[in-house]
Amino acid sequence: MHKGSVTLKDGDLLDSLSHFEFPALFFGSFRLWVISVCVVLLLNLFSSASGDGLRVKFGYTGPVGPNSWGRLSPTYSACSNGKSQSPINVISDNCVVNKKLKPLIMQYNHTEVATLVDNGFNVGIKYGENAGSLIVDGKIYNFKQMHWHSPSEHTIDGTQYAAELHLVHFAEDNTIAVLAILFHLGHPDPLMTKLHNKLSELARDVATQKETQVQLGTIDTHEIRKHSHKYYTYTGSLTTPPCSEVVTWYILGKVRSISREQVEALRAPLDSTCKRNARPVQPINGRQIQMYEAQPNL
């Protein structure tokens with residue numbers, strides 16, 4: 001992510017002001033005023049660095065579409081200039097089978113703090129503490145949120161699927177691991193079936209400008225867990241602005257099923273420019289795509 005920094009030499013401004021012979025009471029008041037202004041400015045700068053309330057609107061069509069993301073804001077420059085961008089087209093014949101890769105360990109739990117959120121450009125679920133973790137070669141990534149894209153962002157051998165679910169995890173060193181699950185059209189997805197009523201409520205609230213989030217209460221994230229008999233992994237970026245290149249991707253090889261009605265439910269609350277919220281695939285630029293595949297027991 002982009003971070004802003006400001007260096008102030010201690011007392012420079014106030015020392016220069018002190019050379020003027022103001023009355024003591026006036027200067028004391030003025031000094032407090034300057035300090036107050038500086039504090040406010042610094043807080044605004046730190047707020048800008050974190051992006052709070054200052055996200056520039058983007059979409060997937062027209063002048064705010066993916067081809068323009070890098071020009072919408074200086075903080076979005078990686079969307080145009082980055083060399084390790086996501087999503088990508090995974091060409092299975094070009095993947096390197098890495099026998100040192102290990103199965104992904106998904107330890108997802110029951111959680112009572114979950115919120116269904118309309119972000120405008122996607123629908124997702126935010127979790128509280130202890131929602132679970134993803135363990136990759138002994139490193140623990142804490143599960144924080146998940147969201148959907150439709151159609152899929154990643155493609156396999158040129159095939160684009162009906163939807164893609166991103167499970168976002170953060171490690172203590174602030175590195176990010178995203179687990180991507182692809183869906184083809186077919187039978188309803190069990191998790192989406194459980195969310196049906198809440199998705200309908202969210203769409204109604206957004207349409208009437210009431211709320212952009214709905215409390216889910218207890219949700220069993222254990223249902224998301226599947227054995228990772230096969231996955232693809234590579235280093236890439238966030239697939240939405242600011243497109244920061246801070247993500248290790250794990251794309252499960254098993255494609256799951258979702259119904260057409262469920263795809264429509266995911267799109268219903270979204271902004272008009274974000275109904276089909278899949279960023280086009282990006283150049284690989286020499287990156288190596290590795291593959292894990294469980295070996296059968298002999």
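Of the contacts (heavy atoms within 4.5 Å) in the protein chain between residues at least 6 apart in sequence, 66% join residues at least 24 apart. The model is predicted: local features need pLDDT of at least 70, side-chain atom pairs count only at pLDDT 80 or more, and totals for chains, interfaces and linings use all residues. Residues are numbered from 1 along each chain as its sequence is written, and side-chain values use heavy atoms, with hydrogens and water left out.

The protein chain holds 7 helices and 18 strands, taken as DSSP runs (helices H or I, at least four residues; strands E, at least two) and numbered from the N terminus. Buried residues (under 20% relative accessible area, 1.4 Å probe, protein chains only) account for 43% of its 298 residues.

The end C-alpha atoms of helix 6 are 17 Å apart, in agreement with the 16 Å that its 12 residues should span at 1.5 Å a residue, the expected span being 1.5 Å times one less than the number of residues. Leu 199, Leu 202 and Asp 205 are buried in helix 6. These residues fall within an arc of 125° seen down the helix axis, so they line one face; the arc is that of the directions from the axis to the C-beta atoms. Asn 197, Arg 204 and Ala 207 are exposed (over 50%) on the face turned away from the buried side. Helix 7 is among the elements that cover the buried residues of helix 6.

In helix 7 (residues 260-267), the buried residues are Gln 262, Val 263, Leu 266 and Arg 267. Their arc is within 140°, so they too line one face of the helix.
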